[in-house]
Amino acid sequence: MESLHDQGTGLTYREKLPLRLRRSKAVVGTSELMRNNASNEMLLRACLAIHDLREPEERDEVMQEMARLELKMNLLISVVQQLVSAQAPLPATVPIVLTAAGLSWPEQYGAQMPIESAPGAGDKEPLPVQVDIFISPLVSLPLSLYGTLSCVTVYDDEGSSSREWQCSFDTLGANLVDLLEKLIFSFHRREVAMERAAEN
């Protein structure tokens, strides 16, 4: 089977992040979905504000002042994050691939997220789950998304196979998809900027 993230779904975000997984109802109520999407949208807007990246030449005096305020806010958030983490430790860190369409990670990390009756490779019926992704170290709350979990065998360009967990998001509103894509793009842009800085 082709990897979920090799199907032209746009930019991907590859990182090791704290990840928590739990079973979900097969059908989530409309009001619950709306509350969950609204909470996720607020979280993504906060992440975008914190991680917004601009080149120095793009910044006028107002932007420079905003950058100074942002630095102070980041420091405050970092302190709060440390206090929260001390009381509620983060879940295990997992190497993930994230797009606006879904999430995947290597099969061997599934043991860190035990799920009753988790699907095996080749199972026809995916398992409804809710996945919490602690997407930013500066924000203590997770991005919490509903999806369906499968364990699949994927093949690379050379024909080698491996198994991975795939969680396909199927209840994201258009606004949430847009914000998630923007955040993934901002992470990609930051990575490119860091690579350029390392070369100079």
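Which residue in β4 does R20 stand opposite?

Guide: The model is a predicted one, and within it R20 stands opposite D132 in β4. That position belongs to the pairing of β1 with β4, two strands that run antiparallel and are joined by five bridges. Strand β4 covers residues 127–133, and six of its seven residues are buried, so the strand is largely enclosed by the rest of the structure. β4 also pairs with strand β5 (residues 143–155), again in the antiparallel sense, over seven bridges. In that pairing, V131 stands opposite L145 in β5.

With ring centres within 6.5 Å taken as the criterion, the count comes to one aromatic pair. Its members are Y13 and F187, with 4.4 Å from centre to centre and 25 degrees between the planes; the pair is stacked, because planes under 30 degrees apart count as such. Y13 lies in strand β1 (residues 13–23) and F187 in helix α3 (residues 174–199), so the pair ties together parts that are 174 residues apart in sequence. Both Y13 and F187 are buried.

Of the 200 residues in the chain, 36% are buried. Among contacts between residues at least 6 apart in sequence, 71% join residues at least 24 apart. The chain exposes about 11900 Å², of which carbon and sulfur atoms supply 54%.

Terms used
Residues numbered from 1 in each chain as written. Predicted model: local features only at pLDDT ≥ 70, side-chain atom pairs only at ≥ 80, totals over all residues. Heavy atoms only, no water. Phe/Tyr/Trp six-rings, centres within 6.5 Å; stacked < 30°, edge-to-face > 60°. Helix = DSSP H or I, 4+ residues; strand = E, 2+ residues; numbered from the N terminus. Buried < 20%, exposed > 50% of the residue type's maximum accessible area, 1.4 Å probe, protein only. Pairing = 2+ DSSP bridges. Contact = heavy atoms within 4.5 Å. Areas by Shrake-Rupley, 256 points an atom, 1.4 Å probe, with all protein chains shown as cover.
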